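I opened this entry to keep track of what I looked up, one topic at a time.

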Amino acid sequence: MVQTNQSLKLDAVVVGAGFSGLYMLYRLREAGFSTRVFEAATDVGGVWYANRYPGAKCDSESIIYNYTFSNELLQEWTWTSRFPEQAEILNYLNFVTDRLDLRRDIQFNTRISAAHYDEENKNWKIEADDGTAYIAKYFITGVGCLSASNIPNFKGLTSFKGEAYHTGHWPHEKVDFSGKRVGLIGTGSSGIQAIPVIAEEAGHLTVFQRTPAYSTPARNYRYDPEFIRQTKANYEEIRQQIRWSKMGYLHKVINNRSALEDTPEERQQEYEKVWEKGGLGFSQTYNDLLVNGESNETASEFIRSKIDEIIKDSNIAKKLKPSYYYSAKRPVLDTNYYETFNRNNVTLVDVKAAPIVEITPKGLKTSEAEHELDVIVFATGYDAMTGPLFKIDIRGKEGVSLKDKWADGTQTRTYLGIANAGFPNMFMITGPESPSVLSNVPVSIEQHVEWIGDCIEYLRNNEIETIEANLDAEEAWSKHCRELAESTLLTKVDSWYTGANIKDKPRGFLIYVGGVGQYRKICDDVAAKGYEGFSLIFTNKKITTA
Ligand code: N01
């Protein structure tokens, strides 16, 4: 670690200027803490700054994909359509940044490379990749769950002579596909959004699919001004509803019974209704789709039958039909995804049957054929949850790195997904084992930011120097998270949820599935009991809470 300039001493350093970092900065600055956000990119936005691929939009409905802490912000911003496009979300985050005058405390073009806890001085030494260093009492990560992109280590990866892009790091200038031979690898949310849009423009699009996805229609539309007026008038109610809901959304389980209680005809009717409505509600058609394999199969089979209906060529339909539990991988919303495979300029290649063996100067080789390409789009996803944190060399007490701590055994362990034993005064926003990606993420971010802000104020008001999660509390929380996850189908399928998409990553389900309302209650109780499960150190006296 380089020599620290003592003049750059801060109360808090926050990493990342996305939804998390922006609100954390505001919350701490309002409470009088000197705070600086460091951001590797040239501007605010986090994943919405980076994910500029064609068709990029959000699956959460616009009116709840925003901060709710400020009525002024809610009243002054107006969303245009049901699902917000990337550019609109980025505009929104710029609006918030300017409205709250956040930019002056954000240092752009600065990647934090290391954060080491100094036990003697009870603070964090934080180093940027330009060699500058800072001291801060609190170290807070707002790095997102899906920001460390994954490009599989294909043989010959760098030999390709054409253009290559990852969806998560898309260029700012428009990529011109017109007349070109484009290959796209990956059929998760990013690929499924990009494919229909690229197909419209490309000379030919070849989609390399390893695992087919279950996708249901988004059915986006422009908002009616009257709907916006009513929404703005009712925001306080909406806010309460999403904060105490299961997943941070307004939709709830549509039929509060098992899918197996309905006859096949009744089920068909119910699924048809929800399919027509569009949006993420499909997985909520019945209350047991995520816990009962037999019920799940009824939803899975309905989507497979839709694929058969839409796709003209039965061989292509067969390749597009998934066989695992619907929604155990992140469910996907689309606009004309399946329809795109009826186009003459689109080819589907099954790379499970014939795996990609090599990227070549001219294109891509599977075990069956070579495909000549002008452009390769990697829609190959992310090293989720832990990946973004591991990009920083984070070391706690006795120089133990977070990476080593979490590599020990097969499971990452945290307390509430916010804190780690051995890492005093460090907080993670939407960290592993919090509801994070199983929720409408801004709702989870607000809850974490407010809890962390309140906690830091409590420490100041009570002259507490450090707060650190206790090992036994951490162990109990992780066990609770694992047990909850095991009671669902989510752990029964290979996905980025389980870490299975990253070679050699320890398998583990790092998301709290109990719901955002329940989670909020648990976090509030911990705080109300004087930060139960944490050790608090006053200047000369140690108190361990029960
Ligand atoms: O990534 P993914 P994503 N050879 O991991 C394939 C959020 N998000 O960027 O399934 C061949 O889902 C891989 O195949 P397989 C959202 O939470 C949200 O699409 O591992 N193929 C898979 O098909 C989402 O879930 C929004 O067999 C390979 C694909 O690449 C998350 O981000 C929009 C391969 C990766 O899919 C990630 O989505 C976009 C290989 N070696 C993203 N390696 C919205 O809100 C990987 N693949 C709308």
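At what angle do helix α14 and helix α16 pack, and how far apart are their axes? Bearing in mind that this is a predicted model, I looked up the pair and found that α14, residues 441-461, packs against α16, residues 516-528, at an angle of about 0°, with the axes 11 Å apart. The two helices are therefore roughly parallel, since angles under 35 degrees count as such.

I then listed the residues on either side of this contact: α14 contributes Val443, Ser444, Gln447, His448 and Trp451, while α16 contributes Val516, Tyr519, Arg520, Cys523, Asp524, Val526 and Ala527. Sorted by class, the residues of the contact of α14 with α16 are seven nonpolar, three polar and two charged.

Next I turned to the ligand and asked which residues around the ligand come nearest. The shell holds 24 residues, of which Ser190, Gln193, Arg210, Thr211 and Lys329 come nearest. By class, I noted ten nonpolar, nine polar and five charged residues in the shell around the ligand, and its largest share, three residues, comes from helix α5, residues 189-201.

A polar side-chain atom of Ser190 lies 2.7 Å from a ligand oxygen, a backbone N or O atom of Ser189 lies 3.0 Å from a ligand oxygen, and a polar side-chain atom of Arg330 lies 3.2 Å from a ligand oxygen. On its own the ligand has 910 Å² of accessible area, and the protein covers 87% of that area.

My last topic was Asp105, and I wanted to know where Asp105 is found and which residues Asp105 touches. Asp105 is found in the loop between α4 (86-99) and β3 (106-107). Leaving aside residues up to four places away in sequence, I found that Asp105 touches Leu25, Arg29, Thr35, Arg36 and Val37. With Arg29 there is a polar contact, side chain to side chain, at 2.7 Å. I also checked Val14, which is 91 residues from Asp105 along the chain, and the C-alpha atoms of Val14 and Asp105 are separated by 10 Å.

Notes:
Residues numbered from 1 in each chain as written. Predicted model: local features only at pLDDT ≥ 70, side-chain atom pairs only at ≥ 80, totals over all residues. Heavy atoms only, no water. Axes fitted to C-alpha atoms, helices over the stretch in contact; angles between N-to-C directions. Helix = DSSP H or I, 4+ residues; strand = E, 2+ residues; numbered from the N terminus. Parallel < 35°, antiparallel > 145°, perpendicular 65-115°, else oblique. Contact = heavy atoms within 4.5 Å. Nonpolar A, V, L, I, M, F, W, Y, C, P; charged D, E, K, R; others polar. Near = heavy atom within 4 Å. Polar contact = N/O pair within 3.5 Å; in protein donor to acceptor, adjacent residues only side chain to side chain. Areas by Shrake-Rupley, 256 points an atom, 1.4 Å probe, with all protein chains shown as cover.
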